[in-house]
Amino acid sequence: LKMNQEAVNLNPQNISALYSVANCYRQMKMWDEAIKAYEKVLKLNPHYLEGRAQNEYKELLFMKKVAK
């Protein structure tokens, strides 16, 4: 996580590192941070990995909603 965050800090357009940050947050169950990172990925490229980030983002939103 730390290395990818550093890569994003050096280049906020580094979509690969940002996607990795989102996945790390997701695995750590840090839902809000993961959602924010996925939103940044999708803002930079709405078609990133042919919708994979979109699906993971939607899944997180659902999980967060159910957890309430």
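1. Valine 41 sits in helix α3; helices here are DSSP runs (H or I, at least four residues), numbered from the N terminus. Valine 41 is buried, with a relative accessible area of 0%. Buried means under 20% relative accessible area, exposed means over 50%, and partly exposed lies in between (1.4 Å probe, protein chains only). The C-alpha atoms of valine 41 and glutamate 59 are separated by 15 Å, and the two residues are 18 apart along the chain.

2. A word on the basis. This is a predicted model, in which local features need pLDDT of at least 70 and side-chain atom pairs count only at pLDDT 80 or more, while totals for chains, interfaces and linings use all residues. Residues are numbered from 1 along each chain as its sequence is written, and side-chain values use heavy atoms, with hydrogens and water left out.

3. Now α3 as a whole. The helix has 14 residues and reaches 20 Å from its first C-alpha to its last, close to the 20 Å expected at 1.5 Å a residue. The expected span is 1.5 Å times one less than the number of residues. Its buried residues are Ala34, Ile35, Ala37, Tyr38, Val41 and Leu42. Seen down the axis of α3, they fall within an arc of 165 degrees, so they line one face of the helix. The arc is taken from the directions from the helix axis to the C-beta atoms. On the other side of α3, Lys36, Lys40 and Lys43 are exposed.

4. Next, α2. This helix has 13 residues and reaches 18 Å between its first and last C-alpha, close to the expected 18 Å. Its buried residues are Ile15, Ala17, Leu18, Tyr19, Val21, Ala22, Asn23, Cys24 and Tyr25.

5. How do the two helices pack? α2 and α3 pack at an angle of about 155 degrees, with their axes 8 Å apart. Axes are lines fitted to C-alpha atoms, for helices over the stretch in contact, and angles run from 0 to 180 degrees between N-to-C directions. The crossing of α2 and α3 is left-handed: the near helix is turned anticlockwise from the far one by less than a right angle. Residues that meet across this pair include Leu18, Tyr19 and Ala22 in α2, and Ala34, Tyr38 and Val41 in α3.

6. Look at asparagine 23, in helix α2. Asparagine 23 is buried, with a relative accessible area of 19%. Leaving aside neighbours within four places in sequence, asparagine 23 is in contact (heavy atoms within 4.5 Å) with Tyr38 and Glu56.

7. Helix α1 (residues 2–10) also meets α2. Their axes come within 8 Å and cross at roughly 140 degrees. The crossing of α1 and α2 is left-handed. Asn4, Gln5, Ala7 and Val8 of α1 make the contact with Ala17, Leu18, Ser20, Val21 and Tyr25 of α2.

8. Last, the loop between α2 (15–27) and α3 (31–44), where lysine 29 is placed. Most residues other than glycine have a negative phi. Lysine 29 has a positive phi, near 60 degrees. Lysine 29 is exposed, with a relative accessible area of 61%. Methionine 30 is in the loop between α2 and α3 too. At 27% relative accessibility, methionine 30 counts as partly exposed. The C-alpha atoms of methionine 30 and leucine 60 are separated by 9.9 Å, and these residues are 30 apart along the chain.
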